[in-house]
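Dear colleague,

I am handing over the structure below, and I would be glad if you could look through it alongside the notes that follow.

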Amino acid sequence: MGTWGIGSFDNDTAADFAGGLDDAAPEARAGLLRAALERAARNPEYLDDDEGVAAVAAAALVAAQCPGGAAVDGAYGPDEPIPPLPVELRPLAVAALDRVVAEESELAELWGEAGNGPTCRRGIRALRDVLEPVPPALDVPLFEL
């Protein structure tokens, strides 16, 4: 894997994924993101690093459209705009990210071998927190005495 950074699009596979999004018709981009997320989330076997990288990149693009989400502004991210994405991609992105950091994930193993596992996991956690925010506590009593 020709990695040169730890961001969602800072490696060859993610840059290729972004190029594929740029080459696709605008109306096909959400389907490509969904497919990448499903390949990771629904994979019961050992998750290949290419599938994991594509899932992280796709999740970053979904998170970018959420409240509090950071824009994907890396030099290797998609150049073409991503149209508004369906809200139902958010839980799928969370499931894909959970799969990426699971024990049977080559990407998680590579992060550990490179010594940047904790930093990468913090990045995944940040994406996950945007995709699945914790609802605020209710400040209103449920009933009054």
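**Salt bridges in the model**

Glu 132 is partly exposed, with a relative accessible area of 42% (buried means under 20% relative accessible area, exposed over 50%, and partly exposed in between, with a 1.4 Å probe and protein chains only). This is a predicted model, in which local features need pLDDT of at least 70 and side-chain atom pairs count only at pLDDT 80 or more, while totals for chains, interfaces and linings use all residues. Residues are numbered from 1 along each chain as its sequence is written, and side-chain values use heavy atoms, with hydrogens and water left out.

Glu 132 pairs with Arg 128 in a salt bridge with an N to O distance of 2.9 Å (a salt bridge being a side-chain nitrogen of Lys or Arg within 4 Å of a carboxyl oxygen of Asp or Glu). Arg 128 is buried, at 15% relative accessible area, and salt bridges with shared partners join Arg 128, Glu 132 and Asp 98 into one network.

The search of the whole structure finds four salt bridges, including one between Glu 88 and Arg 34, whose closest N and O atoms are 3.8 Å apart. That pair links distant parts of the chain, 54 residues apart, with Arg 34 in helix H2 (residues 29-41) and Glu 88 in the loop between helix H3 (49-64) and helix H4 (89-100); helices are DSSP runs of H or I, at least four residues, numbered from the N terminus. Arg 34 is partly exposed, at 27% relative accessibility.

Asp 129 and Arg 125 also form a salt bridge, at 2.9 Å from N to O, and because they are four residues apart in helix H6 (residues 117-131), about one helical turn separates them.

How values were computed. Helix = DSSP H or I, 4+ residues; strand = E, 2+ residues; numbered from the N terminus.
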